[in-house]
Amino acid sequence: ASFQDIVDVVLSLSQKRLEKSHVDLVVDLARDLPRFRCRSEQLQQVLMNLVINAVHALDDRYPDASPNKRLRIEAGHDATKQPSVIRVIVEDCGKGIPHADLERIFEPFYTTKGRDVGTGLGLSVSEGIVRSHGGSIWAESIPGEFTRIVIELPVADGMLETGEPV
């Protein structure tokens, strides 16, 4: 699969939600991203979850349209690591995550949202999917400024070790 294909599917599924919330979407995918073997539907699920979380955070901080209501998705290839990785960053300038919560956001059922908004399973499931692909996921945030989720997926000889054929 190409990462571009995964992003395209997620953005087509979330386009109406992004438009409804007046989110300024910036997508920056490196052109030299290697194709890699993966379970595309699972990575789409991870990315969709991150996009929806970002929209919630942006809506909390900016209930209406705002020039600062921005979501950025970027991906690049880091060949300096062994094995090399595709690094994906999903960053919003929403309300941010308090430091005390940051370590816990990948725990099952842990959520900073109201009961009517989420189950607290999205990031836990996402972490499981990323790890099943041999990758890692972590969060960086400054409350009131941004939240950045970083995913690194290993590429072995241009392919991931596990998953379905490309």
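# A guided tour of the chain

Start with the whole protein chain in view: of its contacts (heavy atoms within 4.5 Å) with a separation of 6 or more, 68% are between residues 24 or more positions apart. What you have open is a predicted model, in which local features need pLDDT of at least 70 and side-chain atom pairs count only at pLDDT 80 or more, while totals for chains, interfaces and linings use all residues. Residues are numbered from 1 along each chain as its sequence is written, and side-chain values use heavy atoms, with hydrogens and water left out.

**Whole chain**

Switch to a cartoon and you will find 4 helices and 5 strands. Helices (H or I, at least four residues) and strands (E, at least two) are DSSP runs, numbered from the N terminus. Their order along the sequence is α-β-α-β-β-α-α-β-β. Now show the surface: the protein chain exposes about 8,800 Å², with 51% of that supplied by carbon and sulfur atoms. Accessible areas come from the Shrake-Rupley method with a 1.4 Å probe, and for residues only the protein chains shown count as cover. Of the 166 residues, 46% are buried. Here, buried means under 20% relative accessible area, exposed over 50%, and partly exposed in between (1.4 Å probe, protein chains only).

**Stop 1: Leu-11**

Select Leu-11 in helix H1. Its relative accessible area is 17%, so Leu-11 counts as buried. Beyond its neighbours within four places in sequence, Leu-11 has contacts with Leu-18, Leu-25, Val-27 and Ile-73. Draw a C-alpha to C-alpha distance from Leu-11 to Leu-25: the two are 9.7 Å apart in space and 14 residues apart in sequence.

**Stop 2: Ser-21, Asp-59 and Lys-69**

Next, pick Ser-21, in the loop between helix H1 (3-20) and strand E1 (24-29). Ser-21 is buried, at 5% relative accessible area. Which residues is Ser-21 in contact with, leaving aside its neighbours within four places in sequence? They are Val-55, Asp-59 and Lys-69. With Asp-59, the Ser-21 side chain makes a side-chain polar contact of 2.9 Å. A polar contact is a pair of N or O atoms within 3.5 Å; within protein, one must be able to donate a hydrogen and the other to accept it, and residues adjacent in sequence count only if both atoms are side-chain atoms.

A salt bridge is a side-chain nitrogen of Lys or Arg within 4 Å of a carboxyl oxygen of Asp or Glu. By this rule the count comes to 13 salt bridges.

**Stop 3**

Move to Asp-60 and Lys-95, whose side chains meet in a salt bridge (3.1 Å, N to O). This pair links distant parts of the chain, 35 residues apart: Asp-60 in helix H2, and Lys-95 in the loop between strand E3 (84-92) and helix H3 (99-102). Lys-95 is partly exposed, at 35% relative accessible area.

Then select Arg-87 and Glu-152, joined by a salt bridge of 2.7 Å, N to O. Arg-87 in strand E3 and Glu-152 in strand E5 are 65 residues apart, so to speak a link between distant parts of the chain.

**Stop 4: helix H4**

Colour helix H4 (residues 122-132). Its buried residues are Leu-123, Ser-124, Ser-126, Glu-127, Ile-129 and Val-130. Their cover includes helix H2 (40-61), strand E4 (136-142) and strand E5 (146-155). After H4 comes Gly-134, with a positive phi near 80°.

Val-125, also found in H4, is partly exposed, at 36% relative accessible area. Select Val-125 together with Phe-109 and Leu-121: they form a nonpolar patch on the surface, with about 270 Å² of accessible area together. Patches are made of residues with over 30% relative accessible area and no salt bridge; like charges are joined within 9 Å, nonpolar side chains (Val, Leu, Ile, Met, Phe, Trp, Tyr) within 5 Å.

**Last stop: cysteines**

Finish with Cys-38, buried at 2% relative accessible area, and Cys-93, buried at 15%. How many disulfides (pairs of cysteine sulfur atoms within 2.5 Å) are there? The count comes to 0.

Notes
A disulfide is a pair of cysteine sulfur atoms within 2.5 Å.
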